[in-house]
Every structure is written in C-alpha cells, then in structure tokens.
Amino acid sequence: MTKDRKVFSCQECGYASTKWLGKCPSCGAWNSFHEENKNGHRNLSSGEMSRPVLLKDITFDKQSRLLTGIGELDRVAGGGLVPGSVILLAGEPGIGKSTLVLLVASNLAEKGKKVLYVSAEESPGQLRVRSERLGIKNTENLFLLSENEIRAAENAIESVKPDAVIVDSIQMIYDSDFDYPCGSVFQVRRTAQFFIENAKKSHAPVFLIGHITKEGSIAGPKILEHIVDVVLYFEGDRLSNLRILKGNKNRFGSTEEIGVFRMDENGLIEVPDSSRLFLSNNNTSQPGLVIFPSQEGKRTILLEIQSLITPSYLAVPRRTFTGLDYNRVNLVIAVLEKKLRINLGSRDVYFNVSGGLKISEPAVDLAVAVASISSYKDVPPLSQTVFIGEIALTGEIRPVQHLINRLKESARLGFKNAFVPAESGNVSVAGMKIFQVRWLGDAVNLAFKKV
Ligand SMILES: Nc1ncnc2c1ncn2[C@@H]1O[C@H](COP(=O)(O)OP(=O)(O)OP(=O)(O)O)[C@@H](O)[C@H]1O
Ligand SMILES: [Mg+2]
C-alpha cells in the first residue's frame, strides 16, 4: 500500500516539499507554499479510456497548417499553425505580445476563421483602442471576452466554437474552485491544461500569452514550456523599436528561425528583408568594426561586431561582451595572446553586436579576432569585407555551416571581399574576392595589408 503523503509546492517556482515551509529554499519567496491537490486526476472507466492504434492507421492532412498571414510568425512557427497546437508566446511586459496576437486574430478572422480572444488583462474598450491603432477592419469573426474566470472562457468556447483561441495572459486566468492565487503555479498549470485539452479536442490552435521578467524568473511560462507544443519568445531592446520573434521549442519545425518586426505608432510592422537592417548606412571602415554574416535559420543577417580595446586602470581589466558568448570571446582572446603575441592583459576589452542581437555560433570567431586586432592597432581592416570562420585553439580557421548562403547575401548587399576557412572546398561567388585562410596569423596579415 502506498503511504498517503502530503505534498506542498511553492507557488512561485514549483519547488515541492513534504512539509510546509515559510520560505522557499529554491526561489526565496515567503509564504508561497500550498498543499498540492490530489483530486486533480479523474478515474476513468475502461469504456472512457483510449486504446492504442497502429501508427500507419493514423490519418493526417499535410496541407492543413493554418497560415496567420503574418509571414514572419508563420515562418518561425515552422510554416503556419498546426491544428490543435498550443503556442506559448512569452515576453517581457510591454514588448508587444498583445499587439502581435491581436494582429493574428484579425488576420485569421478576415480569412473567415472564427477567433476567440480571451483578454484577462484588458477591457473591451482598451482592445478597441488598440485595434483602431492597428487599423483592424471590422469583422464578423473576431469575438472578444474580457474575463478572468476559466468557466467564462469555457462557456464562450462552447457557444462560439472558435477555429483559434487566444488567451491573454495565462497568468491572469484562474479557476475559482481552487483557493490558489491568480498566477500561482497551480492556477497557471490548471488553466493551461484546460486550454490544451480543448485544443487537442477541437483542433483549434491556441495561443497562450505568458509574462516573463528580465531575469526570466516568473514561474508561469517556465513551467508551461514542456507541456505546450511551441514556445516563442518575443524580445527586443526597449530603446529600439525592433522586435524579434524567436522559437525556443517547436514540435513541428526548426527553432533556428527568427522573425523581425518594427513597432511604431501604427502598430507592429513586419521586416521581411532584414539582412542589412543592423548595419549602419555609413559604409566607411572604422577601427574595431567588422561585418559578420550571421545565419538565423534560413536567413542571413549581416551584423556589425564592434570592439573597443583601451588601456585599463583597474587591477582586473574589464571584459564586457554584449551579444556574444563570454567564454567563446575569451577563448579567441587567449588564442590572440598565445599565437599572435598580442598582450591584452592590461587592456579593457569591450564587444558589442549591432541591434541587440545575440550570436552563439562559433563562425563569428574570426570576426571577433579581426575586430580585436583592429581596435588594438587602431587600424580598420580591409574595407567592404566580411569575415567568417571558427578558430581552433591551435589558431587554425575551421569550416562553418551555410557558407555559400552567407557569401551570396553579403555579395547581394555590396560586399566585395570575404575571408573564409581554407577547408571550405571550391567557393566562388560572382562579384566577390574570396580569401581562403588556414591560420589566424595569415588572415590577420591579409586583413591589415595595405592594398
Ligand atoms: N502609439 C504608439 N506608438 C508607438 N508604440 C506604441 C504605441 N502604443 C503602444 N506602443 C508600443 O506597444 C507596446 C505595448 O504593446 P502591448 O500592449 O501589445 O504589449 P504587451 O507585451 O502585451 O504588454 P503587457 O505585458 O502590458 O500585456 C508599448 O510598450 C509600446 O512599445
Ligand atoms: Mg498585453
């Protein structure tokens, strides 16, 4: 016989304990422990239970993905919305989540799909103001429900029978049968479960909006990540009007794609040709500035890698790398010190990537190395040039993925030279001079040779 043990869980982070605790040892929240409800599972009779079926007998329609009409979103979602899928759209407060989903709702409604927008945060009047700002046309198919209680959403779904549901936000919806606060782990899990079950039953895709703080510390979206099909993050720099939609998990597509938008007074505008969006219009080469064609899914985006190396007045020199992997840049600096005898031990080193984008691929190594030397020597590298290559600890330049895509896009945007790894096979792109380099030292000699 199993012993009937009580379980208490922290409603902030989900930490479970067999006794009640005043302070959570995991997240430090006070008074956040509630006893877990054990009646969450139904006991099914044998007639209600699903039976196993053969994989080959399951039918599906390849063409059935629902296109939202927002190309950037459809691409990130893997080519439209899969029927019955649950998409979690997470982002910091005020980044534009409601704006994006209202656009999705209106596009689907215009296509004749019935959409139910459950807004637990805003009144119908506020939604109307936003829809005016976005220029949304009046449509018969867009239903709004301004409610926090799950039962109201349940009734609305039954009466409207929508083809898509939007829940804004999942942290603000609660089930009043349970005495847990709104936004607690229990409520978020319970209400999400309801919408997930509904999506699987009715085949209507559902968007769940989730808030996330700067530190990503709100438990709500984090605990949902493994139970939903797709997790999209809507990010952006508060100071710029650019917004980036990224796939973090996708059961039906790649997570490498990104979608780029611009937020202005008329709403959220797609930026389909974003290749040169992050480059300054000033084409002159400058010390410490190197162009790197970064690959985001199927798309190449040219980014500026900016480096500033200055004498340090601190006991431990400063290393600030924004948008780049900290360990990777330190590795490149170590190779520069060892192989090229460049002493950065008494220098502060700063790096920045234009547009607030983050690069995690090692193909950026060569650009980082050339930018460092350029700033160190205060000499610009060869002009109109892109640098691509991973650097091994030996100083050898290693091949990278998607080289031809990167070169073609760079050539299209007017770049005349490219430094690429020697072992990339026969590479040629019309209008571009290709320097195939094997060693970091050779690359540096060529990049700073006066021509
Ligand atoms: N008139 C305007 N001109 C330019 N930008 C605007 C205007 N009105 C709103 N915005 C932008 O839209 C953002 C709010 O969008 P939205 O309400 O969709 O965000 P959200 O992520 O849903 O926020 P919340 O977390 O509060 O729900 C603002 O932070 C601002 O950047
Ligand atoms: Mg909102």
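User: In this predicted model, what makes the approach of E121 to an oxygen atom of ligand 1 a polar contact?

Analyst: A polar side-chain atom of E121 lies 3.4 Å from an oxygen atom of ligand 1. The cut-off for a pair of N or O atoms is within 3.5 Å, so the pair counts as a polar contact.

User: How do you know that K97 and T99 belong in that category too?

Analyst: An N or O atom in the side chain of K97 is 2.8 Å from an oxygen atom of ligand 1. For T99 the corresponding value is 2.4 Å.

User: Which residues come nearest to ligand 1?

Analyst: They are G94, K97, S98, T99 and R130, out of 15 residues around the ligand.

User: Why is the pair E72 and R299 called a salt bridge?

Analyst: The side chains of E72 and R299 meet at 3.1 Å, N to O. The rule asks for a side-chain nitrogen of Lys or Arg within 4 Å of a carboxyl oxygen of Asp or Glu.

User: How many salt bridges are counted between domain 2 and domain 3?

Analyst: The count is one salt bridge. The rule for polar contacts likewise finds one residue pair across this interface, with both residues at pLDDT 80 or more.

User: What makes the side of domain 2 that touches domain 3 charged or nonpolar?

Analyst: That side divides into four charged residues, three nonpolar and no polar. The elements giving two or more residues to this side are α1 (71–76) and β11 (258–264).

User: How is the size of the interface between domain 2 and domain 3 expressed?

Analyst: The two domains bury about 720 Å² between them, with 48% of this on carbon and sulfur atoms. On the domain 2 side, E256, E257 and I258 lose the most area to domain 3, together 50% of what that side buries. The domain assignment places domain 2 at 66–270 and domain 3 at 289–447. Their centres, taken over C-alpha atoms, are 38 Å apart, and the contact takes seven residues from domain 2 and six residues from domain 3.

User: What is the peptide bond from D168 to S169, cis or trans?

Analyst: Omega is near 0°, and the bond is cis. S169 lies in the loop between β7 (164–168) and α5 (185–202).

Technical notes
Residues numbered from 1 in each chain as written. Chains lettered and ligands numbered in written order. Predicted model: local features only at pLDDT ≥ 70, side-chain atom pairs only at ≥ 80, totals over all residues. Heavy atoms only, no water. Domains from an automatic or database assignment. Contact = heavy atoms within 4.5 Å. Buried area = accessible area lost by both parts, 1.4 Å probe. Polar contact = N/O pair within 3.5 Å; in protein donor to acceptor, adjacent residues only side chain to side chain. Helix = DSSP H or I, 4+ residues; strand = E, 2+ residues; numbered from the N terminus. Nonpolar A, V, L, I, M, F, W, Y, C, P; charged D, E, K, R; others polar. Near = heavy atom within 4 Å.
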